[in-house]
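Hello,

Here is the structure I promised to pass on to you. Have a look at it first, and then read on for what turned up.

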Amino acid sequence: MRMTFRWFGEDNDTIPLPHIRQIPGTEGIAWSLHHLAAGEEWPMESILEVKEQAARAGLHIDVVESVNVHEDIKLGLPSRDNYIANYKRTIRKLGQAGVKVICYNFMPIFDWTRTELRKELEDGATALFFENSRIDDEPALLVERINKDSALTMPGWEPERLRHLSRLFEAYRNVTEEHLWHNLAYFLREIIPVAAESGIRMAIHPDDPPWSVFGLPRIMTNRDNLRRLLELYDHPSNGITLCSGSLGANPHNDIIAMIHEFSDRIPFAHIRNIRRFGNGDFVETSHRTMDGSVDIAGIVKAFHDIGFEGYARPDHGRHIWDEQCRPGYGLYDRALGIMHLWGLWDGYAYVRAHGESS
Ligand code: CS2
Ligand code: MN
């Protein structure tokens with residue numbers, strides 16, 4: 001397991017790179033060029049600038065999260081070919097810069113969805129919260145509330161991306177899940193060969209939460225669908241970002257079984273916990289198994305059992321110790337998360353080396 005930490009850029013994050021380097025066992029950043037809109041080709045100078053910044057702090061840039069997919073590609077519009085051509089040029093440049101994994105998602109309009117960014121937990125920490133009933137609200141109201149709650153632009157909720165909300169909803173009106181599958185297959189047929197040539201593994205992120213929101217189709221939701229995704233293009237460069245928090249919002253998702261079944265197609269893992277309330281609502285918690293509903297200890301054991309050598313990161317953290325940070329992406333709780341993941345990992349390694357009874 002190679003540990004990374006998500007970082008949003010010099011002007012766009014509260015956490016200095018040297019601090020990330022001090023989290024034990026953390027070797028790289030999961031990064032993106034957040035100032036670029038989905039569909040734009042990434043300039044080589046900007047890629048190399050991040051590479052230099054990271055290198056100065058002793059960190060690598062092997063994992064990009066994300067190169068966002070333009071809506072026209074998801075919608076299957078004729079204009080998609082230009083955006084796909086840009087995407088391929090970006091993949092080639094990232095390969096030249098030494099990037100190994102590109103995380104992306106195929107969620108219509110919205111990326112991850114939450115209804116509150118600072119829900120108070122019993123211990124006074126706050127965390128991201130999803131309340132099913134509030135999804136009946138007007139989407140525009142939710143977007144406004146989410147953006148008002150965060151001083152920093154939230155990834156996936158960029159105002160420029162969401163400015164044309166009603167037009168986008170209109171465009172998706174007749175798009176079914178099968179259409180989305182079709183458009184994903186088209187996209188993969190175009191980009192996977194380019195990724196393979198560039199030494200890059202593409203890693204699709206599951207939908208978060210893994211069900212339809214606002215009536216929009218969502219397809220990266222469960223084991224059968226992940227299997228279908230891998231079969232669409234059977235190549236190591238067509239892989240999955242296995243996100244335990246996203247998939248774990250649905251109690252029927254057996255994440256441990258997925259790790260075993262898809263073991264050679266998981267170049268990147270997001271490991272975090274959530275607490276489910278039984279009615280579709282969930283709140284993010286510390287990474288410990290007993291603090292939430294997801295079997296984090298079992299998940300790390302499954303990764304250990306398959307000899308996982310891919311990249312991992314803690315996913316969202318709570319806001320603790322009065323940290324002023326981007327919602328879900330502070331330093332403290334994610335650093336605690338990393339230590340918890342390493343603690344489990346090292347424990348399993350110890351038992352493997354010395355046996356249970358030593
Ligand atoms: C999510 C997503 O995993 C996460 O942190 O909040 O924003 C994720 O980065 C994207 O869906 C990946 O494309
Ligand atoms: Mn994730």
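This is a predicted model: local features need pLDDT of at least 70, side-chain atom pairs count only at pLDDT 80 or more; totals for chains, interfaces and linings use all residues.

I will start with the inside of the protein. The largest nonpolar core has 99 residues, and W31 and L184 are the members that touch the most others in it. Helix α8 (residues 177–197) supplies the largest share of this core, with nine residues. Apart from this core lies another one of seven residues, including A30, A203, F268 and Y311. If you click on L184 and leave out its neighbours within four places in sequence, you will find contacts with Y104, F106, I204, I219, M220, L229 and L232.

Next, the metal. The manganese ion (ligand 2) has four protein donors listed here: H205 through NE2, C243 through SG, H270 through ND1 and D315 through OD, at 2.2 to 2.6 Å from the ion. Along the chain, these donors follow the spacing H-x37-C-x26-H-x44-D. H270 sits in strand β9 (residues 268–271), whereas D315 is in the loop between β12 (311–314) and α13 (332–354), so this pair ties together parts that are 45 residues apart in sequence. H270 counts as buried because its relative accessibility is 1%, and D315 is buried too, at 2%.

Two cis peptide bonds are worth a look. One joins E65 and S66, with omega about 0°. S66 belongs to the loop between β3 (60–65) and α3 (71–75), and its relative accessibility of 9% is why S66 counts as buried. Not counting residues up to four places away in sequence, S66 touches R6, W31, S32, W42, C103 and Y104. P209 is found in the loop between β7 (201–204) and α9 (223–232).

That loop between β7 and α9 also holds F214, which has a positive phi of about 55° although it is not a glycine. With a relative accessible area of 15%, F214 is buried. W321 likewise has a positive phi of about 55° without being a glycine. W321 lies in the loop between β12 and α13, and at 60% relative accessibility it counts as exposed.

W7 is buried, with a relative accessible area of 2%. Leaving aside neighbours within four places in sequence, W7 is in contact with D13, I15, L17, I20, I29, A30, W31, S32, H34 and Q53.

Finally, what lines the second largest pocket? There are 15 lining residues, and G9, E10, L33, H35 and V50 lie nearest the centre of the pocket. The space in this pocket comes to about 280 Å³. Helix α2 (residues 44–56) gives the most to the lining, with four residues. By class, the lining has five nonpolar, seven polar and three charged residues.

Key
Residues are numbered from 1 along each chain as its sequence is written. Chains are lettered from A and ligands numbered from 1 in the order in which they are written. Side-chain values use heavy atoms; hydrogens and water are left out. Helices (H or I, at least four residues) and strands (E, at least two) are DSSP runs, numbered from the N terminus. Buried means under 20% relative accessible area, exposed over 50%, partly exposed in between (1.4 Å probe, protein chains only). Contact means heavy atoms within 4.5 Å. A nonpolar core is a set of buried Ala, Val, Leu, Ile, Met, Phe, Trp, Tyr and Cys residues joined through side-chain atoms within 4.5 Å. On a 1 Å grid over the protein atoms alone, a cavity is a set of points where a 1.4 Å probe fits but cannot get out, and a pocket is an open set with protein on both sides within 12 Å along at least five of seven lines; lining residues have an atom within 4 Å of a point. Grid points are joined across faces, edges and corners, and a volume is the space filled by probe spheres set on the points. Ala, Val, Leu, Ile, Met, Phe, Trp, Tyr, Cys and Pro count as nonpolar, Asp, Glu, Lys and Arg as charged, and the others, Gly among them, as polar. Donors are N, O and S atoms within 2.8 Å of the metal (3.2 Å for Na, K and Ca); water is not among the atoms, so sites may look incomplete.
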